[in-house]
Amino acid sequence: MISNVECSISDFKNDLMTKIRLATKEDCPRLLELINELALYEKAPHEVTVTLQEFEDAGFGENPVWKAFVAEDNGIIIGMALYYIRYSTWKGCRLYLEDLVVTEEYRGRGIGKLLFDKIVIEAKEQGFNGMTWQVLDWNEPALNFYKKYEAGVEAGWLNASLSKEQLLNY
């Protein structure tokens, strides 16, 4: 059961009130915008091929596979943490953090910390055996952020994948 307790912080310098809540289907267009913003930052905007309909169905359809928490300021979504459950034959059920993103103009204000803390609490409350995520080796701000949590960053594993086109051509 996902905890839907709202939490907030105040950034007195910017008079910012941030609310963290569970994402709804109505949030999907904005979440997809944030995903595209992240892809642009990661120098791979062409890699985002999911449609809004596919994204909505995957999160809120008959068999949802992802959940997300969003950060809001005055009713505007400014960040998100999207995750799903991953099963490891070595470790058991683990929370997999797919994306943690805060829109550029709101970075450096503690919003990423709020979202990450919410995900860590979610993993703990759900009794997962841990959580995992990926970070690009050149993304120094993200690497420094995760170091604050004493997160381990593994070396030696390379990502492998097959595209939809490759699957169809098999």
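The model is predicted. Its secondary structure comprises five helices and six strands. The chain has a radius of gyration of 16 Å, close to the 15 Å that the globule rule gives for 170 residues, so it is as compact as a globular protein of that length.

**Overall fold**

- Read from the N terminus, the order of elements in the chain is β-β-α-α-β-β-β-α-β-α-α.
- The C-alpha trace extends over about 55 × 35 × 35 Å along its principal axes.
- Among contacts in the chain with a separation of 6 or more, 57% are made by residues 24 or more positions apart.
- Of the 170 residues in the chain, 37% are buried.

**Nonpolar cores**

- The largest nonpolar core contains 22 residues, and those touching the most other members are L95, L97, L100, L115 and I119.
- At least two residues of this core come from each of β3 (67–73), β4 (76–88), β5 (92–102), α3 (111–125) and α4 (140–147).
- The element that gives the most to this core is α3, with six residues.
- Another core, of 15 residues, lies apart from the largest one; L32, A68, M80 and V101 are among its members.

**Surroundings of L95**

- Residues up to four places away in sequence aside, L95 touches Y83, Y84, I119, E122, A123, F128, G130, M131 and T132.
- One of these partners, I119, is listed with L95 itself among the residues of the largest core that touch the most other members.

**Position of T132**

- T132 belongs to strand β6, which covers residues 131–133.
- The relative accessible area of T132 is 17%; because buried means under 20%, T132 counts as buried.
- Beyond its neighbours within four places in sequence, T132 is in contact with R86, R94, L95, Y96 and L97.
- Two of these partners, L95 and L97, are among the residues that touch the most other members of the largest nonpolar core.

**Surface and charge**

- The chain carries 18 positive and 27 negative side chains.
- The centres of these two sets of charges lie 5 Å apart.

Notes
Residues are numbered from 1 along each chain as its sequence is written. This is a predicted model: local features need pLDDT of at least 70, side-chain atom pairs count only at pLDDT 80 or more; totals for chains, interfaces and linings use all residues. Side-chain values use heavy atoms; hydrogens and water are left out. A nonpolar core is a set of buried Ala, Val, Leu, Ile, Met, Phe, Trp, Tyr and Cys residues joined through side-chain atoms within 4.5 Å. Buried means under 20% relative accessible area, exposed over 50%, partly exposed in between (1.4 Å probe, protein chains only). Helices (H or I, at least four residues) and strands (E, at least two) are DSSP runs, numbered from the N terminus. Contact means heavy atoms within 4.5 Å. The radius of gyration is taken over C-alpha atoms; the globule rule is 2.2 Å times the number of residues to the power 0.38. Lys and Arg count as positive and Asp and Glu as negative; His and the chain ends are not counted. The place of a charge is taken as NZ of Lys, CZ of Arg, CG of Asp or CD of Glu.
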